[in-house]
Amino acid sequence: MTPDFDIIIVGSGPSGVSAAFPLVNAGLRVLIVDGGKQPGVLPPEADFLSARINDTEQWKWMVGGDSHALKKRDAVSPKLRVPSHAYAFEEFEARNHVVGKNFITVGSLATGGLSNAWGCGVARFSAREIAAFPFPASDLDVSYAKVSQRIGISGRVDDDMSDYFGLDDYSQPPIPMDALHTRLSQRYLNHRKKLHAQGFRLGRSRVAVLSEDTASRQACNLSGNCLWGCRRHSMYSSTGDLPSLRKHENFSELSGFVVDGLTRYDGYWAVEGQTSSDGERRSITASRIVLAAGTLATTRIVLKTLNHRHPVPLLSCPTAAFMLWLPRLLGAPRMPGFGLGQLSFSLNLQDTITAFGSTFATTGIPLSEFVRHVPLRRRYGIDLLRELLSSCVVGNVFLPGHLTAAEAELQPDDSLSVTGKYCNAVVPLMDEAAKKLRKAYWSMGAVLLPGSFTIGPPGGDIHYAGTLPMRESPFIGETSQRGEVEGLDGIFVVDGACLPTLTEKSHTLTIMANADRIGRQLATVLAMESLHG
Amino acid sequence: MRVVVTGATGYIGSCLTCLASRRGHDVVIASRQRPSTFPASWLPFDLSSDNSIVFPINTNAVVHLAANTTYTNRLKNECELVAAQRLIKSSREVGAKFIFVSSQTARADAPTAYGRTKWHIEQEVLSAGGWVVRPGQVYGGELRGLFGMLVKTVQQLSILPAFVPTPKVQPIHVDDLAEGLLRIAERGDVPPGVYCLAAPEPISFSKFLDGIAKSRLRCWRGFVPVPVVIINALAAVLGEALRTRLGLERLRSLFDLPVMETASDLKRLGLTLRPLHSGMHPSGNDRRRCLLREGRALLIYVLKEPPGSAVLRRYICAIEQLRGGQALGLPRFFLGYPIFLSLLDKSVWASKTASAEFSWRLDTATMLAEATPTGAYRFLGLGHEHGVLSSLFSMTSAVACEVFWRMLRVIFFPLVRLALGRAKGAL
């Protein structure tokens, strides 16, 4: 029997489409399946400040007709409250049977996956960081270049973070900074030497957001709608890659199909699952399966197929958030501006650990997000923040993923249970980070507001990785350097699940590059196979 | 269940038939005219006609509501008794429960023919093993029956009589009564007998009228004392025909209402009656009105100005969708003077759940208020004067206000705690 397809890719997120391009370009018959969730609420049309002043229907995208933001009041990130992103996260845990115990589990059933609500942070892993990968660093170089050029990255500038990000060869110029970040950056340059001695480096954030138009997407116009959704598509989402894949006749798509199992037949595989539209069970066959459903969903599919019921380790970055106040800019009027990371820092802790973080403007974020944490009565909290926030920026901190002790385990009912907590080292590390950041930003004219430095809950980073790590000689529950699951020939993992390490850096670009690498290798293998009949 | 209802187009009957068909019962209407709107089966039935009535087979219950409420001549009252006897016989033939809706005035020696007739029918029903329901002062819903007349009277007169000594009534909302009747019809564990359905605690008739004015008509009415002796003297002089025409007959039966012991019957049916202020609201309850007041107070507190109606509606909608739709029951003082909500910080609440619920609602009001153009000005400081000095001043005054309210909170803590303890609502 001839299988329906050469390759079935499960998931149309960043890793799925990155693996799809080389396979489709090689002329293979490729099917992408995804959960098919589509946007329901549209983000504002005008820039954020104009929309806030003029749009009497703004509650629809700020709170949601179904009170989405109120339902998600206690969710870990403002992004999870945004009605226009609701579709990206909805039903993931229920349909994929993922249960977090004292651990935040977020995933996506949307076409385009989590990239629909992505912070767009990108970075390249250094040769030292790739040392843990079972292949030479150079294998990823071509992929980094290809993927970076495809998704569009901005932030190219010769600064102290150029080497850290390692992306300037493929980047567009940076998006203009706001007055607060401009000031921080100037003050940094004045105190550069001193700050370097403290282990602090600052530079422009490198983000997958366009500063120059491309054929299908427009450059950022500083509308300030980054949190709510960009109508210009300046921010990368893998949904935007699907039209170019669709131009190929050998590419097919099945949206609204949630895979819950894989079955091996003689010489090929079948993905099994349910269509969302009519609940019908379907089985589609291919000679190879590429799993790109997101770390948690992929892990469950693999463990279930292997019937592997021992816990596997999960990497996840400990996070914290803080707020900086620039007294010199007190009383500045609110200005529209870029809402994602504008400046990023790296900070050395305890000689061996590096923390990474970025700072953001507060204008595009609802004040309600902050006022809950202000120790004032609500009425006066609003009064205070209204004056204060225009001279504040918010920042985040990430620590390397091995500092979270988490694991995922397939339960008797075939659900995936995820548990975990931060390692004991995290609190002292975060204390040290807070202290060092306070000192560094103080010399840059900014006050790290007392009480604002808050450690996030485990899993809140939504950077999950490493459950099925690539190894030189993999054991059961691991993957080969080609991403192939040990014990399941023909099943490949291309998303975060196969990363052997998770650094403090944004990991999405590396996942995409690795998916491209695996895709290219797989295309070569299949081409050889067909040559040999 | 198949249930036949006589008087189905009347005040109580229409509520009962609606409720019964909503519950999925097969409702058969027995009335003089075929109802034009209600999609149910119909049996021709007239109290004053001699034709016998045949109920459909499989009829489980007959609720007899049809009554001559015009207080006219004795002949008609006798017709009623005969009609009831025929109905009892017909229902026995098909093996259906017979439920008769009587009156609080029913007694052998009632001052009115109406009350005496009801008593006679009750005796017939009880001896046939049927159920008798004596409702109290029925109110609420459509302006029909005695309630409709009272509402119209209160609407027309700016000064109302306060009878001395004051007669007492025991109200029951028409929907609660319909629920009670349906439970008797539906359930197999309710033994035959007399059931008195009304508020267990009688209230003065003047208070009832005042409830109509305040909650139903949202107006204020004055009361002038009128001694009952005068009405009785007048009635004696006028003779029965004129008494009836002037409505004095009805008034006299009001003065003579016996207090009914209802608590045990309500308990037996598992029926909880809505409070008068709630039932008097045209929608049948004042839940939304309470929510509206709460939303308005919270939004004013957050916005420092009265909210638009759209954002208020969204508040109500959110509480209904996500929190069960009941108001917290904040003391009235806070609803009238929202700035005093500053006194309600975490520690004043008696329980953690109460505190959490309040802060959930305050957050909701904050998020909803922010998502409006008014909120954009208030929260983003747009349209304000900008500059270091004005910002410093605003921030200092915010902190000063905070300090001020913290001090007030210490002083008023016991009082606020007490007031919150008495509040009735979702808390």
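Good morning. In this predicted model, local features need pLDDT of at least 70 and side-chain atom pairs count only at pLDDT 80 or more, while totals for chains, interfaces and linings use all residues. Residues are numbered from 1 along each chain as its sequence is written, and chains are lettered from A, ligands numbered from 1, in the order in which they are written.

I begin with the whole chain. Chain B has 17 helices and 13 strands; these are DSSP runs, numbered from the N terminus, with helices (H or I) of at least four residues and strands (E) of at least two. Its C-alpha atoms fill a box of roughly 95 × 55 × 35 Å along the principal axes. The radius of gyration of chain B is 27 Å, whereas a compact globule of 427 residues would have one near 22 Å. That radius is taken over C-alpha atoms, and the globule rule is 2.2 Å times the number of residues to the power 0.38.

The domain assignment, which is automatic or from a database, gives domain 1 (2–279) and domain 2 (287–422) in chain B. Their C-alpha centres lie 45 Å apart.

Next, the partner chain. In total, 36 residues of chain B are in contact with 34 residues of chain A, where contact means that C-beta atoms, placed from the backbone, lie within 7 Å. H17(B) gives the most to this side of chain B, with 10 residues.

Within chain B, consider two helices. The axes of H4 (residues 145–156) and H6 (residues 205–216) of chain B come within 10 Å and cross at roughly 75°. These axes are lines fitted to C-alpha atoms over the stretch in contact, and angles run from 0 to 180 degrees between N-to-C directions. H4(B) and H6(B) are therefore roughly perpendicular, a term for angles of 65 to 115 degrees. Leu150(B), Val151(B) and Val154(B) of H4(B) meet Leu209(B), Ile212(B), Ala213(B) and Arg216(B) of H6(B).

Finally, where is Gly284(B)? Gly284(B) sits in the loop between helix H11 (276–279) and H12 of chain B. Beyond its neighbours within four places in sequence, Gly284(B) is in contact with residues including Gly140(B), His173(B) and Asp175(B). The C-alpha atoms of Gly284(B) and Asp176(B) are 9.9 Å apart, although 108 residues separate them along the chain.

Thank you.

Definitions and conventions. Angles under 35 degrees count as roughly parallel, over 145 as roughly antiparallel, 65 to 115 as roughly perpendicular and the rest as oblique. Two residues are in contact if their C-beta atoms, placed from the backbone, lie within 7 Å.
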